[in-house]
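Please consult the sequence and the structure shown below.

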Amino acid sequence: MKKFICLVQFICAFSTFVSAQESTHSHSLGTSLQFPNILGYQTLKCDLHQHTVFSDGDVWPSIRVRESLMDNLDAISLTEHLEYQPHLGDIPNKDRNRSYQIALKEAKDHNLIIVRGSEITRAMPPGHSNAVFIQDANKLLFTNYLDAYKEAKNQNAFVFWNHPYETPKNDYITYLHEVNKKLMDSNLIQGIEIVNTHNYSVEALQIAYDRNLTLMGTSDVHGLIDWDYKKGSKGHRPITLVFSKDRTQESIKSALFDRRTVVHYDNTLIGRDSLLIPLINECLVIKKSFYESKSLVLTVVLENVSSCNFILQNLSQYTLVENTDLIEIEGKSTITLQFKTKEILKQLDWSFNVLNAVNAPNSHPTLKKRIIL
Ligand code: ZN
């Protein structure tokens, strides 16, 4: 097994070398995340849970900004633990706004929104929560957790429950604790991470639907994004797609309070049908449809304008020449489908399941595309 890993590593290293010879700086484009706008909203790529040396992260805030630019993100938040600063001996700055200020300076000449945020850190329950769009992180420091949540509300922050499955039981199940239920009832928590780092919580998704919470997905990165998420140049950090009226802090915040999000995690899109279906519909564009002369096979050219790879399951009564019922289309690519329609059609209402999208626990959305000839 060890020998196999070594060989794989060698091949990866070799191909990196080859591509580096072919072009410079293509690595930043290769990992850039892309999604189309929908329903008159801008689709903003956000990672609102990250750490730096100002709490328990390993990097300086400027690195977070540069990583986010490489990933083509629109907005980030450096949400340092308010109550946990293990590097304080080496970086003696007690100002909880410091990492935000450094990131803001770094992002000044770039098109990246820096959202001021903090992680309110307690044992479960209530566990950890991020307060984003706060005014002053220092004012959130309290002995009593409830005071911190109340101050976040006082600052008009949007608050979401982080990695809600992290309990002393260590069973990775999300339980709706009484304490958290009360925070939700008092409108002190408005969102929940259904995805954090490499973890997806189906129970958290169910709680989000039951309690009408905003769906969040974050990297919660402490080390480097590339090391954690881009093995072999593939992969991406978890992000929250926010459907925002415009590209401003105020609009992003309103969108979060209005639950206008879809989570993008491990090449999967997770969200409510009302946003998920229009999003996938815009990602997959029918470029051409025609019959070759003397052919009863309908050719359809399908383009994926997003960076997400899709796995579709054909539900049409017509089978395909080259594919089984499963169709894979990579991000930013075009494929040709050939439907065996047996006669010349004027129109085909093509329906398909999107297997790498989740609209409810263990459920995949069905989409319909009208192909007119
Ligand atoms: Zn965190």
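## Pairing of β15 with β18

L298 has F339 of β18 as its bridge partner. The model in which this pairing is found is a predicted one. Strand β15, residues 297-304, and strand β18, residues 333-340, run in the antiparallel sense and are joined over eight bridges.

## Burial of β15

How many of the eight residues of β15 are buried? Six are, so the strand is largely enclosed by the rest of the structure. Buried here denotes a relative accessible area under 20%.

## Contact between α3 and α4

Helix α3 (residues 61-70) and helix α4 (residues 98-107) have axes that come within 8 Å and cross at roughly 45°. The two helices are therefore oblique to each other, and α3 passes α4 in a right-handed crossing.

On the α3 side, the contact is made by P61, S62, V65 and R66; α4 contributes S99, I102, A103, E106 and A107. By class, the residues of this contact divide into five nonpolar, two polar and two charged.

Methods: Residues are numbered from 1 along each chain as its sequence is written. This is a predicted model: local features need pLDDT of at least 70, side-chain atom pairs count only at pLDDT 80 or more; totals for chains, interfaces and linings use all residues. Side-chain values use heavy atoms; hydrogens and water are left out. Axes are lines fitted to C-alpha atoms, for helices over the stretch in contact, and angles run from 0 to 180 degrees between N-to-C directions. Helices (H or I, at least four residues) and strands (E, at least two) are DSSP runs, numbered from the N terminus. Angles under 35 degrees count as roughly parallel, over 145 as roughly antiparallel, 65 to 115 as roughly perpendicular and the rest as oblique. A crossing is left-handed if the near helix is turned anticlockwise from the far one by less than a right angle, and right-handed if clockwise. Contact means heavy atoms within 4.5 Å. Ala, Val, Leu, Ile, Met, Phe, Trp, Tyr, Cys and Pro count as nonpolar, Asp, Glu, Lys and Arg as charged, and the others, Gly among them, as polar. Buried means under 20% relative accessible area, exposed over 50%, partly exposed in between (1.4 Å probe, protein chains only). Two strands pair if DSSP finds at least two bridges between them.
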